[in-house]
Amino acid sequence: MAIKSAMNRMLAVITAILMSTSLFGGESHEGETEHKFNVNEMIMHHIQDAHEWHLWGGHDGTSIYLPIILMDGGIKTFSSTHFYHGTPMVAVEEGTGKEHEFIAGVGPAEGYAMYHETIYKMDHGTLHFEKGHPHNAAPIDFSITKNVVSMFMTFFILILVMFSVAKFYKKNGAVAPKGIAKFIEPLIVFVRDDIAKANIDHHKYKKYVPFLLTIFFFILVSNLTGLIPLVQANVTGNITVTLFLAVCVLLVTVFSGNKNYWGHIFATPGVPKALLVIMVPIEIVGVLTKPFALMIRLFANITAGHIIILALISIIFLNQSAAWGALSVPMALFISVLEILVAFLQAYLFAMLSALFIGAAVEEAHH
Amino acid sequence: MVGSIAAIGAGLAVLGAGLGIGRVGGSAMDAIARQPEASGKIQTAMIIAAALIEGVALFGVVVGLLGLNPAA
Amino acid sequence: MELVTPDLGLLFWTGLVFLCLLFLLVKFAWKPILGAVNAREENIANALELAEKTKEEMKALQAQNENLLKEARAERDSMIKDAKEVASKMIEDAKGTAKVEAEKQMTAAREAIQSEKAGAIAELKTQMAAFSIEIAEKIVRQELSSDDKQKALADKLVEDINMN
């Protein structure tokens with residue numbers, strides 16, 4: 001991990017230097033490109049959730065338009081093509097005079113507008129911006145977004161793989177694994193022994209193994225699908241997903257906390273009564289920061305990986321020269337391979353730290 | 001401009017974390033060299049400590065990302 | 001800011017997918033897989049234990065065999081010893097009996113010889129007495145054949161008595 005962080009940092013610096021220089025190439029094309037390529041915007045667009053599955057090409061390229069489900073006084077369902085092929089509009093922010101581009105929906109999406117993949121209700125036919133954000137009301141968006149589709153994929157992959165493994169054991173009994181079971185079993189045993197058993201009291205760890213296994217494989221498969229070209233949804237690099245996983249860990253920790261655990265929080269042994277006034281809030285914050293750090297760690301690691309790959313690929317477009325591909329493609333490939341390692345590492349870390357927190361919650365007092 | 005300052009802040013956060021993780025890694029190497037038979041336990045402890053430090057660094061990175069975000 | 005703002009819709013779908021996944025996997029995947037893996041590990045542990053036990057048993061059996069062998073050997077030795085003793089005793093006995101018999105025979109022979117000898121001596125004595133009497137008779141007859149001679153003898157006898 002330390003190596004990975006260092007690598008990431010080094011490459012980020014190199015990328016920044018390369019991107020900031022227009023010394024090599026690009027100058028002759030500057031006149032031709034009307035719309036300047038904005039790396040920031042492109043990267044931010046790619047790492048965020050989307051209502052379409054963009055496959056290739058520009059605005060008129062190939063996309064799968066995903067269904068939009070809005071809760072706005074009843075459920076409204078329509079295809080996202082009504083946004084992506086809607087009417088581009090520009091709103092001027094009052095006061096600063098800043099211009100914001102957004103898309104007004106057409107057809108069934110009439111009356112809604114999409115700005116940076118968020119859907120708002122239009123007011124008097126436009127959006128009103130304040131401090132860079134639309135101030136309009138927003139319907140609750142239950143759309144099947146790219147991340148949701150990717151999660152469905154993860155779901156089906158896991159169900160398919162794990163059920164076939166389970167079938168193998170059901171059919172053959174307790175024998176040496178073969179085929180896919182041979183590949184999956186070491187991972188399962190690893191989670192059971194090195195994550196659960198190593199961190200949770202050995203009388204109680206069995207109860208938590210299924211939860212840890214599910215968390216581990218969900219994160220692992222999500223991380224890995226995020227690296228597949230054309231899929232590349234940033235599921236585990238989405239704060240909502242990691243938030244949910246962290247809340248799950250928090251709930252499991254809190255509900256399995258025993259007397260000893262709560263005793264350490266509300267009446268830390270050996271601490272004078274007067275100090276408890278300070279200690280108790282700190283301990284409570286400590287309970288919350290642990291899963292919070294889990295959430296941020298997974299989100300930031302996966303997002304950072306995606307950003308670096310995208311930034312490296314951006315070098316080509318920034319310099320408007322395919323020759324830069326000779327540099328950026330091998331580097332992007334290297335980072336992609338590194339990200340496979342990170343995918344395993346982060347799944348392991350998330351599961352292991354969860355086990356550590358659960359282990360602390362169920363630990364018996366030592367005398 | 002805001003983006004650049006946030007990036008400097010993120011860089012500083014990462015600097016501290018880098019030093020921290022470096023120390024953790026170095027000490028773990030020392031410990032493993034001294035007691036190769038305990039390398040498994042040391043590795044686990046090292047990963048946990050490094051992960052906790054990395055968490056702090058990532059807070060910095062996230063703040064940096066917020067600064068980079070054109071929408072912010 | 002959108003980057004770190006949780007989205008309600010996505011939260012809902014994440015929750016749905018994850019909880020479904022958790023439920024299905026726990027019920028239909030983890031349970032049988034972990035069960036099988038645990039069962040297999042138990043089997044292996046049992047087999048190892050059994051092997052260990054068998055080894056112990058083998059060792060015990062071997063020790064027992066050794067003991068048996070030792071006992072058998074000891075028994076055989078003692079039997080041989082006994083047999084030897086019996087044999088030597090029998091020889092000894094036979095020797096003793098033979099000696100006694102021989103002695104007996106010798107004694108009997110000796111006695112026979114003695115008695116024969118005594119008989120012979122007695123006969124010899126009788127014979128000698130008869131011979132002596134015969135000789136004496138002949139001599140006396142001769143001595144007493146004339147008066148002179150009878151007188152000389154009487155004198156002589158008287159002389160002998162006087163001298164006494």
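Before that, a word on conventions. This is a predicted model, in which local features need pLDDT of at least 70 and side-chain atom pairs count only at pLDDT 80 or more, while totals for chains, interfaces and linings use all residues. Residues are numbered from 1 along each chain as its sequence is written, chains are lettered from A and ligands numbered from 1 in the order in which they are written, and side-chain values use heavy atoms, with hydrogens and water left out.

In chain A, 4 strands form an open sheet in the order 5-6-7-8 with antiparallel pairing, where strands are DSSP runs of E of at least two residues, numbered from the N terminus, and two of them pair if DSSP finds at least two bridges between them. Its edge strands, each pairing on one side only, are strand 5 (87-92) and strand 8 (118-121) of chain A. Strand 7 (residues 112-115) of chain A is joined to the antiparallel strand 8 by 4 bridges, and A:Met114 has A:Ile119 in strand 8 as its bridge partner.

Back to the loop, then. A:His116 has a positive phi of about 50° although it is not a glycine, and A:Glu117, which lies in the loop between strand 7 and strand 8 of chain A, has a positive phi of about 65°, again without being a glycine. A:His116 is partly exposed, with a relative accessible area of 33%, whereas A:Glu117 is buried, at 14%; buried means under 20%, exposed over 50%, and partly exposed in between, with a 1.4 Å probe and protein chains only.

Finally, the interface. Contact, meaning heavy atoms within 4.5 Å, takes in 37 residues from chain C and 52 residues from chain A. The buried area, which is the accessible area (1.4 Å probe) that two parts lose on being put together, summed over both, is about 3900 Å² between these chains, with carbon and sulfur atoms giving 81%. On the chain C side, C:Leu3, C:Phe18 and C:Trp30 lose the most area to chain A, together 18% of what that side buries. Between chain C and chain A the count is 2 salt bridges, each a side-chain nitrogen of Lys or Arg within 4 Å of a carboxyl oxygen of Asp or Glu; the side chains of A:Glu185 and C:Arg40 meet in a salt bridge at 2.6 Å, N to O.
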